[in-house]
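Hello,

Here is the structure you asked to look at. My notes follow below it.

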Amino acid sequence: MSAIRLALVIPCYNEEEVLPDTNEKLRRKITELMSAGKISEESRILYVDDGSRDRTWELISQFCSQDPQIMGVKLAHNRGHQTALLAGLECAEKFCDCAISLDADLQDDIEVFGEFLEKYEEGCDIVYGVRSSRESDTAFKRGTAQGFYKLMKAFGVEIVYNHADYRLMSRRAIGALSDYKETSLFLRGIVPMIGYRTDYVYYTRGERLAGESKYPLKKMLSFAMDGITSFSVKPLRLLFSFGVILLCLAVIGAIVALSLGAFVGFWGIFCLIGAASGIHLIAAGVLGEYIGKIYLEAKKRPRYHIEAAAGVFPGNPEE
């Protein structure tokens with residue numbers, strides 16, 4: 001069996017502080033894997049600049065000019081981590097046998113690359129990198145993350161617990177992923193829907209090398225909302241059920257009040273109206289999320305455009 005042509009796909013957004021160290025570590029790792037005969041010399045590191053406003057693209061271009069095994073693409077506009085990752089995978093599909101996606105901060109343990117490749121050689125098309133523990137997280141982050149996974153499971157979304165976007169995908173799996181055309185991307189929910197043979201590699205997540213997280217609380221909440229509304233209609237069904245229960249309770253309450261000859265006072269009426277208004281607003285908000293996604297999907301806008309490419313690229317990355 002010939003050596004595996006591996007692509008490392010790294011989405012980047014304002015990562016100038018961390019990129020030099022990241023690039024050096026990734027170069028050493030793929031050199032080690034090539035020396036061991038585990039990957040082909042045609043393997044590449046592919047950086048995807050998601051419309052950064054700092055020197056990220058300048059650094060990527062510099063890396064490409066210094067090392068033919070490094071390539072880069074620059075998106076014409078900031079489209080978000082998930083779209084940048086998809087763009088990188090679709091570019092990598094043209095020349096690789098499989099691709100490993102990971103974040104630029106290298107909190108994901110690159111020492112388990114060998115385990116990913118072993119699973120691929122055993123016939124797996126998708127290998128998930130799963131955190132063995134969350135001891136390095138703050139209590140708040142650990143609690144919110146665990147709550148997120150449990151909520152997604154409760155809403156019927158197929159998702160791998162303690163898995164982010166650190167995974168290996170075969171060329172065949174990337175091709176299947178490209179068949180999913182939704183605009184609101186939530187790859188952690190889409191990839192398990194592909195099927196094919198899968199497995200897991202467990203690792204300990206490290207500290208960020210430099211800079212700050214690109215997923216503050218506001219973005220995490222938005223990400224969670226995208227995940228729920230893109231894959232589950234259970235919130236709509238729960239609202240319907242809640243409405244039915246509330247109506248039944250109101251009817252029973254009215255019957256009891258009338259049988260006792262009691263009448264609801266001003267404040268009682270006020271509270272009932274307030275509660276009903278709140279329920280209507282919540283329902284409208286949830287419906288708005290779904291209608292908004294229908295609106296975006298109906299436009300069929302392109303998910304991204306590549307503004308520039310750097311490095312020796314097999315094929316045309318702008319196709």
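N23 is buried, with a relative accessible area of 4%. Please keep in mind that the model is predicted. The residue N23 belongs to helix α1, which covers residues 19-35. Setting aside residues up to four places away in sequence, N23 touches Y47, F63 and I70.

The other position I looked at is L8. L8 sits in strand β1, residues 6-12. Is L8 buried or exposed? L8 has a relative accessible area of 0%, and because buried means under 20%, L8 counts as buried.

Leaving out neighbours within four places in sequence, the contacts of L8 are L26, I30, R44, I45, L46, I100, L102 and F113. There is also a distance to note for L8 and C96: their C-alpha atoms are 9.7 Å apart in space, while 88 residues separate L8 and C96 in sequence.

For the chain as a whole, the figures are these:

- The protein chain contains 10 helices and eight strands.
- Of its 319 residues, 44% are buried.
- The accessible surface of the protein chain is about 16,500 Å², and carbon and sulfur atoms account for 59% of that surface.
- Taking contacts between residues at least 6 apart in sequence, 83% join residues at least 24 apart.

Regards

Key. Residues numbered from 1 in each chain as written. Predicted model: local features only at pLDDT ≥ 70, side-chain atom pairs only at ≥ 80, totals over all residues. Heavy atoms only, no water. Helix = DSSP H or I, 4+ residues; strand = E, 2+ residues; numbered from the N terminus. Buried < 20%, exposed > 50% of the residue type's maximum accessible area, 1.4 Å probe, protein only. Contact = heavy atoms within 4.5 Å. Areas by Shrake-Rupley, 256 points an atom, 1.4 Å probe, with all protein chains shown as cover.
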